[in-house]
Amino acid sequence: ALDIATAGESNRTLLVPGTQGVEIEGVPAVVFEDVSDSLFLVWESEAPTSSSSLNLIRYKDSQWSPIVEVSGDVHPLKGPPQVVLTRGEYLLGGAQETALTRHVRSVLHVVWWEQGPGPEEVYYTPVILSDGEYLGRNLVHNLTALDYSQPPEPLLSLTPGLHRAPAIQPGRDEHSVVIGFTNP
């Protein structure tokens, strides 16, 4: 549910579309994108069949967008998503008959863990918005597969919870993020 508190008014509670079924909904990541005056929610939804997905929805002007599945594979169980927003600008147009138009590209950087064939794996997807509108496609990257380092000798015994604790935070400027995770 989304609780809306407005100064001088009674609080309102809205049910997030798609969450009224038998699925178990995880804790959402909530991001406000001020360029489009939109609130984005990303959450894990686990079906009774032990599959799960990461869902994205936008709330703007008292309206919900359609739900978009952003994790790519709905079969492995997933952990709670973490989200950081970055943004940049670009110009379109400029032909003799059209003026240059300024646009804002925002990116919701989403990180989560999934059950893999062995230990958990960490995944990342950039959800790209142009002037607050989802572009309709996001690539999912397995970050764990990018680490080709050799395991230490002797093998370290790590707390299993470390594999389920990826972290993302803003980088050195508004265009970058830093992701940290443990590769089992």
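Student: What is in contact with His103, leaving aside its neighbours within four places in sequence?

Tutor: His103 is in contact with Gly88, Glu89, Tyr90, Leu92 and Asp131, where contact means heavy atoms within 4.5 Å. This is a predicted model, in which local features need pLDDT of at least 70 and side-chain atom pairs count only at pLDDT 80 or more, while totals for chains, interfaces and linings use all residues. Residues are numbered from 1 along each chain as its sequence is written, and side-chain values use heavy atoms, with hydrogens and water left out.

Student: Why does His103 count as buried?

Tutor: Buried means under 20% relative accessible area, exposed over 50%, and partly exposed in between (1.4 Å probe, protein chains only). The relative accessibility of His103 is 17%, so the residue counts as buried. His103 is placed in strand E10; strands (E, at least two residues) are DSSP runs numbered from the N terminus, as are helices (H or I, at least four).

Student: What makes the approach of His103 to Asp131 a polar contact?

Tutor: A polar contact is a pair of N or O atoms within 3.5 Å; within protein, one must be able to donate a hydrogen and the other to accept it, and residues adjacent in sequence count only if both atoms are side-chain atoms. The side chains of His103 and Asp131 make such a contact at 2.6 Å.

Student: Which polar contacts does the side chain of Thr125 make, and is Thr125 buried or exposed?

Tutor: The side chain of Thr125 is joined to that of Asn138 at 2.7 Å, and reaches the backbone oxygen of Leu139 at 2.7 Å. Thr125 is located in strand E11, and its relative accessibility is 0%, so Thr125 counts as buried.

Student: Why is the pair of Tyr59 and Trp64 called tilted?

Tutor: Rings of Phe, Tyr and Trp (its six-membered ring) pair if their centres lie within 6.5 Å; planes under 30 degrees apart count as stacked, over 60 as edge-to-face and the rest as tilted. The centres of Tyr59 and Trp64 are 4.7 Å apart and the planes stand at 55°, so this pair is tilted. Tyr59 is buried at 11%, whereas Trp64, at 23%, counts as partly exposed.

Student: What makes the pair of Trp112 and Tyr123 stacked?

Tutor: Their ring centres are 6.0 Å apart and their planes are at 20°, so the pair is stacked. Trp112 belongs to strand E10 and Tyr123 to strand E11, so the pair ties together parts that are eleven residues apart in sequence. Both Trp112 and Tyr123 are buried.

Student: Which residues touch the most other members of the largest nonpolar core?

Tutor: They are Leu56, Val83, Leu108, Val110 and Val127, in a core of 14 residues. A nonpolar core is a set of buried Ala, Val, Leu, Ile, Met, Phe, Trp, Tyr and Cys residues joined through side-chain atoms within 4.5 Å. Strands E4 (29–33), E5 (38–46), E6 (52–60), E10 (101–114) and E11 (121–130) each give two or more residues to this core. Apart from it lies another core of eight residues, including Leu2, Ile4, Leu41 and Tyr59.

Student: What is in contact with Val127, its neighbours within four places in sequence left aside?

Tutor: Val127 is in contact with Leu56, Val70, Ser106, Val107, Leu108, Val110, Tyr134 and Asn138.

Student: How many helices and strands does the protein have?

Tutor: There are zero helices and 15 strands. Of the 184 residues, 35% count as buried.
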